Amino acid sequence: MKILVCAKQVPEVTNVQVDPETGTLNRDGVASILNPFCEYAMDLALEMKEAEPEGEVEIVVLSMGPPQARAALLRCLEMGGDSAILVTDRKFAGADTWATALTICKIIEKLDGVDLILVGKHAIDGDTAQTGPMLAELLSIPQITYGVGLEMDEKKKRVRVRRENEGGFEKVQMRLPGLVSVSKGAASRRVCSFESILGARAKDISVMTADDLGLDEAELGLQGSLTQVVKVFPPISKEAGRIVNGTDANAAAHEVVGILKEKHFV
Amino acid sequence: MLLIDTNTCSGCRLCEKNCPFAAMLIVDEIAVVQDNCTLCGACANVCGEHSITIERAAASPEELAKYKGIFIWAECDESADGESLVPKKVTLELLAEAGRLAGKTGEEIKVLVLSDGRPVDTNPLFAHGASGVIRFVNKLLWPYSTDAYTTVISAMVAAKKPSIFLLGATPDGRDLGPRVAARLKLGLTADCTQLEINEEGQLIQTRPAFGGNIMASIVTPFSRPQMATVRPNVFAVSETPETGRKGDIEDFDVALQRGVVRTKILEVEKVGTAGGGIDNAEVIVAAGQGLNSPDDLDMLRELADELGGTLAGSRPLVEAGWIPHTLQVGQSGITVSPKLYIAVGISGAVQHVVGMNGSGSIIAVNNDPEAPIFKVADVGIVGDAAEVIPALIKEIREAKKAA
């Protein structure tokens, strides 16, 4: 059985800011990491691989991004992925979720017999959670979003996924091939051994470009995108409020409950 | 344009069976498309041979102008007695916001209502500004499934050609939106928190990105409808609904086959949240990783009880397993806008703040005077939660006694 994990390299978003003067994104000194939800997708894939006899499950990792995204793929191979595909081309730059899903769809159509696609529930930079479902639709396969746990049936024709929802959880069964988007769940986090880190360097990372897709250039990147960003700006910050010294907890509580009374909360 | 590859078409009739509009016929063992095709994409999605392709070129401005009206998907919950389906609160929020947009574009607002046969009360939809409801009833429509809903909603949108289509950015809304958008080749913006109409009449869709560190404004220039999922609890429900206002109810007639649904819900596990969850709470007491142990949650629950509120928390507490994800406030959790939000031991990272800065009054308790939470708080107490919270509880009890 073949599992494809889609992985994205993202900036560590806690440090990203907009320059209020120019409105441009300041990424200076911001580290690039493997999107945490993609890492959870890897955890689930590895858990399935380990549950089966050796050689039964193959994990292929795919990443679309600049050449530096190789580092995110290497990280997935260190974790235990078997091989990787880097989808990179300057022509892909500026792709929105539609153009990204279409590009990845064309790559997957060229791969043989993918049974299960795992993606992160969203990437922490864009936060859209759209590319996975769009990819599933373009491949005409079913999906389960917000998965936190996964089991395979014995015949490997179906998966049962525990899914987060507003009210709690659902257990959903899906026919394969299918796509699952992964939230942080029960799968154990992995510490890569020295051997697995060394071993990753010997694994294959193939590169695919726009020429491998069979798509018109007008379908790629910014040109192929259906949405356009017209402006970015920093969130509006609010004026600082009143500060109460809590060294004397009783006095502070008295003051604050006074405010709560004024506002009719008490 | 819909193209059929006659070399690969096997005449299997899947497209014929699954076409919502009976617009596909098998003639001499080859699929033939009829004039009433809406290009809704249901056939291409079920074709095992990939023989059907739909070419959707970027439309001209004249073509785009033919799309009219604002559509809203009414995601529903079951009523308490299970006898009927009730549109979620976010539907009314979307109606209020759509009403504001329609004031600028002069368009009609219609609500898409899908039901398994149980009644859906449409009166609140009309009272909150809908001029029409487009309804489709089929027993396959409960519980929600990606496949059935994508097929029906795509068919409705393809046939009716609205200029704007809004969905709540709930888990199911964010599951459905991208499927419909990809099937119809439409631009889609996720999780919007502001909507505007610009001078050219385009929908400006603004949303937080990079964990809430930036805001981005997005347009959809080449495709209609302009689709967006909208974050719940950001837009206010109208406080002055027109009770008794009426509108049209149109029953939409499409075919929906059992075979399109490839998933099945086996079990539902509700996580207990007495009082109906945090998204509708008027008072929230939220815990952060400044607390010493899960036992500290007890005093926060007590404080919440005193104020008639609900306990919530930040992401680190969910990851540590102290609280369930259904109580998580923030960018990757739930957005809340209670009248009173008390943040205890929460540092105030931007990812948390974007989920609660729409609250009426914000009180923060933190022992670090530099904590960013104090920048958004109306009242900040710099002190130890283990001392301040019991003192607050005691003071509130005394105030209640005195009243």
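These legends walk you through close-up views of a predicted model.

**View 1. Where chain A meets chain B.**
Let's start at the contact between the two chains, which takes 72 residues from chain A and 73 residues from chain B. Look for helix α6 of chain A, residues 249-262: with 9 residues, this helix gives the most to the side of chain A that touches chain B. What kinds of residues make up that side of chain A? They divide into 35 nonpolar, 22 polar and 15 charged.

**View 2**
To get your bearings, pick out A:R242, which stands opposite B:V379 in β22(B).

**View 3. The domains of chain B.**
Chain B is divided into domain 1 (2-54), domain 2 (61-260) and domain 3 (283-402). How far apart do the C-alpha centres of domain 1 and domain 2 of chain B lie? The answer is 28 Å.

**View 4. Domain 1 against domain 2 in chain B.**
Here we zoom in on the contact between these two domains of chain B, with 13 residues from domain 1 and 12 residues from domain 2. On the domain 1 side, the elements that give two or more residues are α1 (14-18) and α2 (42-46) of chain B. Of the elements on that side, α2(B) gives the most, with 3 residues. The residues on the side of domain 1 of chain B that touches domain 2 divide into 8 nonpolar, 4 polar and 1 charged.

Key
Residues numbered from 1 in each chain as written. Chains lettered and ligands numbered in written order. Predicted model: local features only at pLDDT ≥ 70, side-chain atom pairs only at ≥ 80, totals over all residues. Contact = placed C-beta atoms within 7 Å. Helix = DSSP H or I, 4+ residues; strand = E, 2+ residues; numbered from the N terminus. Nonpolar A, V, L, I, M, F, W, Y, C, P; charged D, E, K, R; others polar. Pairing = 2+ DSSP bridges. Domains from an automatic or database assignment.
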